[in-house]
Amino acid sequence: MLMEKIIKKNVICYKCHFLNGRILKELKKLSRDCELSEFDVFLLYDNSKNDFKFSDAGLKHVLFRVDDFKEMGYQILSEKAAWYHSDFPLFYFYRQYPNYQQYWMLEYDLCFNGRWDIFFNFFS
């Protein structure tokens, strides 16, 4: 289990199953916008294909596989369970980091031109 001391009360999980320049740019913008706010940001990566190659140490990440959901006791009917049951990755994250008050999950195909901290602070 990857427990660490929780300082911020909210977390945003940015879920994806591949990485490219656009996704990294969006993820870095999200992290930068929320850096001074009450939000931690994590990359929540579907590593079912064992293809994770990420070396930017400045961004926190949690890897998951479909097998992790099976180990949690969920019935898996498809290898695309992370996308058909989009809450499973967030449940997996929660088991590793249970001390946040609010959990948000964004998917990689979401684009937002505003300031993320302003958006999230409005709802918290």
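**Close-up views of strand S2 and its surroundings**

**View 1. Strand S2 beside strand S3.** S2 and strand S3, the latter made of residues 60-64, pair in the parallel sense over five bridges. Within this pairing, Leu44 stands opposite Val62 in S3. The model shown here and in the views that follow is a predicted one.

**View 2. Strand S2 beside strand S1.** Strand S1, which covers residues 10-16, runs parallel to S2, and seven bridges join the two.

**View 3. The cysteines Cys16 and Cys34.** The count of disulfides in the model comes to zero. For Cys16, the closest cysteine sulfur is that of Cys13, and because the two sulfur atoms are 12 Å apart, they are too far from each other for a bond. The sulfur of Cys34 likewise has its closest cysteine sulfur in Cys13, at 12 Å, which is too far for a bond. Cys16 is buried, with a relative accessible area of 0%, and Cys34 also counts as buried, at 1% relative accessibility.

**View 4. The whole chain, for orientation.** The protein has five helices and four strands, and from the N terminus on its elements run β-α-β-β-α-α-α-β-α. Along its principal axes the C-alpha trace spans about 40 × 30 × 25 Å. The radius of gyration of the protein is 14 Å, which agrees with the value near 14 Å that a compact globule of 124 residues would have. Of the 124 residues, 42% count as buried, and the accessible surface comes to about 7500 Å², of which 52% belongs to carbon and sulfur atoms. Among the contacts with a separation of 6 or more, 63% are accounted for by residues 24 or more positions apart.

Key. Residues are numbered from 1 along each chain as its sequence is written. This is a predicted model: local features need pLDDT of at least 70, side-chain atom pairs count only at pLDDT 80 or more; totals for chains, interfaces and linings use all residues. Side-chain values use heavy atoms; hydrogens and water are left out. Two strands pair if DSSP finds at least two bridges between them. The radius of gyration is taken over C-alpha atoms; the globule rule is 2.2 Å times the number of residues to the power 0.38. Buried means under 20% relative accessible area, exposed over 50%, partly exposed in between (1.4 Å probe, protein chains only). Contact means heavy atoms within 4.5 Å. Accessible areas come from the Shrake-Rupley method with a 1.4 Å probe; for residues, only the protein chains shown count as cover. A disulfide is a pair of cysteine sulfur atoms within 2.5 Å.
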